[in-house]
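This report covers the ligand site and the salt bridges of one protein model. The sequence and structure come first.

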Amino acid sequence: MTDRSIVLVLSGPNLNLLGDRQPDVYGTETLADHVATAEGAAARHGLVVEHLQSNHEGDLVEAVHAARGRCAAVIVNPGALTHYSWALHDALAAFDGPVVELHLSNPAARDEWRRTSVVAPVATGTIAGFGGDGYRLAVEAVARLLGSTAT
Ligand code: DQA
């Protein structure tokens, strides 16, 4: 049975390097900072964040499988997998709750190859280009979709 309170936050390849990696593009906050932002926003809505970062596609696919019937929603920043992982697309298509695709940068305003997202067709919606604030926005979108009440 789905636990209405768990929101799975997934972070794809290279996001473990946030804070250090291209700070001009991705900012100086670390992934731990972003997870803390998501946790804070979730707590205000009576939700709990479970977070996984992996540089391996299969780990993320398996985390989505394990969320089926257990987590209420998925927020996913797939990193570069956004642009080519049909395996992640298929896993998310088999998840039966809200899915928010999240990016720190705005891929649509960057390299040509970043303008395609294979995750977008199976996402409820996408938040991109707002830096770390996107984590708060994504949780708030999920809370609204789940009908949680703010405290
Ligand atoms: C990203 C954008 C992707 O194009 C890139 O490969 C990333 C990070 C973002 O959060 O802006 O690794 O998902």
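## Salt bridges

A salt bridge is a side-chain nitrogen of Lys or Arg within 4 Å of a carboxyl oxygen of Asp or Glu. In this predicted model, Arg-114 and Asp-111 form such a pair, with their closest N and O atoms 2.6 Å apart. Arg-114 has a relative accessible area of 16%, so it counts as buried, the limit being under 20%. Asp-111, at 34%, is partly exposed.

The structure holds five salt bridges. Another one of them joins Glu-112 to Arg-115, where the closest N and O atoms are 3.1 Å apart. Here Glu-112 is exposed, with a relative accessible area of 60%, and Arg-115 is partly exposed at 46%. The side chains of Asp-133 and Arg-136 also meet in a salt bridge, at 2.9 Å from N to O.

## Ligand surroundings

The ligand sits in the largest pocket. Around the ligand are Arg-21, Tyr-26, Asn-77, Gly-79, Ala-80, His-83, His-103, Leu-104, Ser-105 and Arg-114. This shell divides into three nonpolar, five polar and two charged residues.

Taken alone, the ligand exposes 330 Å², and the protein buries 99% of that.

Conventions
Residues are numbered from 1 along each chain as its sequence is written. This is a predicted model: local features need pLDDT of at least 70, side-chain atom pairs count only at pLDDT 80 or more; totals for chains, interfaces and linings use all residues. Side-chain values use heavy atoms; hydrogens and water are left out. A residue is near a molecule or strand if one of its heavy atoms lies within 4 Å of it. Accessible areas come from the Shrake-Rupley method with a 1.4 Å probe; for residues, only the protein chains shown count as cover. On a 1 Å grid over the protein atoms alone, a cavity is a set of points where a 1.4 Å probe fits but cannot get out, and a pocket is an open set with protein on both sides within 12 Å along at least five of seven lines; lining residues have an atom within 4 Å of a point. A molecule sits in a cavity or pocket if more than half of its atoms lie within 2 Å of its grid points. Ala, Val, Leu, Ile, Met, Phe, Trp, Tyr, Cys and Pro count as nonpolar, Asp, Glu, Lys and Arg as charged, and the others, Gly among them, as polar. Buried means under 20% relative accessible area, exposed over 50%, partly exposed in between (1.4 Å probe, protein chains only).
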